[in-house]
Amino acid sequence: MAHPADRPEEFRSDSALGAAAPWSAPGSVQPRLNRPVADRYPQIRPTSGYGDSRIRRSGPGPGAGTDHDPERSAMLTGRLVVVLSVVVGQLWALGVGVDAWMQGHTSTAWWCTGFEGLSFLIALAAWRFGPTDH
Amino acid sequence: MTDEQHPGDADGSAVDETAAEERSRLQDRLSADSLTSRRDYLRVMATVSGGLVVGSVAVSAGVLPRHGDAAAADVQPLKVVDRLRRGQAVTFAYPTEHDRAIAIRLQDGTLVGYSTVCTHLACGVLWREDRGAEGELYCPCHEGAFEPREGAVVQGPPPRGLPKVLLAERTDGSVWAIGTAYSDESRLHAACRELNAKDSGVRLGHVACPNSARS
Ligand code: FES
């Protein structure tokens, strides 16, 4: 008789409880791998811990390899779009500032510099203060 | 590692394996470096943004050379030509030998002077009498053109009008260059500004220049 772990159909759950999209649900597509550690390795006692010489690596565990925060990627694209728009605005402001300065409107040129500085702060914020990356 | 240290076959293959693993790890690292991820791009663009701020500060602080900014000592009157007939133009250098300029007598007798350094990418501007209603200052580099009365852009990519050179005519008919203006600055305003600068406000006191919205 095969080991229970090799009979995955017994561990397949039919209830479609998880509302998450299949591609974002944590865990493996093989339900037998989603059992708690104690079921997967009955030889390991709850007290074994990492002191157990049979445990060489902690392993990836359930949820490994899936996107933990599916919106993270879209957020990154969004931040990039913000920074690119800011840079386009800065190039425009630089053009305006150079023209103003060449025409003798020094104060206008300084206003443009102020605008550039504020834009840079926005770009800096979009760059630094994103959601924490894994 | 040499063979002497690892004479055994088994040891040799172990060394080979480690070396291969090392190599593949290095390869992984190199190929990861060659990809520009969105996160890298974000960092690069944020840096570019900071560079633009530095550039803008430099521009406002005045690192670029500007026509009309010549030190008062440089702006000495210069005799351009003894006589300029209608429809004639003459090129000269003013206020320094590196500043190319042109003096033109339009058909109606008006005397105008301009820097001939294009405001687009600094090519030499040419006087073309056959263009436009009264002739045009034409830049062959990217087909920019300026009208001859105020130096305003009438065609092409130049972002600003041509800076004027202030000209004066003596009773004997000789034409003199007496000052320089900024791009798009009126002759009156430029003359007033330079007078104020030369005088340091001692004799004239600071005269409020016309259109002095300019700072
Ligand atoms: S340099 Fe004169 S039009 Fe480009």
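The model is predicted, so local features need pLDDT of at least 70 and side-chain atom pairs count only at pLDDT 80 or more, whereas totals for chains, interfaces and linings use all residues. Residues are numbered from 1 along each chain as its sequence is written, chains are lettered from A and ligands numbered from 1 in the order in which they are written, and side-chain values use heavy atoms, with hydrogens and water left out.

**Select chain A.** Chain A holds three helices and zero strands, in the order α-α-α from the N terminus. Helices (H or I, at least four residues) and strands (E, at least two) are DSSP runs, numbered from the N terminus. Of the 134 residues in chain A, 25% are buried; buried means under 20% relative accessible area, exposed over 50%, and partly exposed in between (1.4 Å probe, protein chains only). Among contacts in chain A with a separation of 6 or more, 58% join residues 24 or more positions apart, a contact being heavy atoms within 4.5 Å. The accessible surface of chain A is about 9300 Å², and carbon and sulfur atoms contribute 62% of it; the areas come from the Shrake-Rupley method with a 1.4 Å probe.

**Select Trp92(A) and Phe115(A).** The whole structure contains one aromatic pair over all chains. The ring centres of Trp92(A) and Phe115(A) are 6.3 Å apart and the planes stand at 80°, so the pair is edge-to-face. Rings of Phe, Tyr and Trp (its six-membered ring) pair if their centres lie within 6.5 Å; planes under 30 degrees apart count as stacked, over 60 as edge-to-face and the rest as tilted. Trp92(A) lies in helix α2 (residues 71-102) and Phe115(A) in helix α3 (residues 106-128) of chain A, so the pair ties together parts 23 residues apart in sequence. Trp92(A) is exposed at 58% relative accessible area, while Phe115(A) is partly exposed at 38%.

**Select Arg66(B).** Arg66(B) lies over the face of Trp101(A), 3.9 Å from the ring centre. Arg66(B) also lies over the face of Tyr182(B), at 4.4 Å from the ring centre. A charge sits over a ring if NZ of Lys or CZ of Arg is within 6 Å of the ring centre and within 35 degrees of the ring normal.

**Colour chain B by pLDDT.** Chain B averages 84, and 83% of its residues score at least 70, on the predictor's per-residue confidence scale from 0 to 100. Confidence in chain B is lowest in helix α1 (residues 9-34), at a mean of 76, and highest in strand β7 (residues 144-146), at 96.
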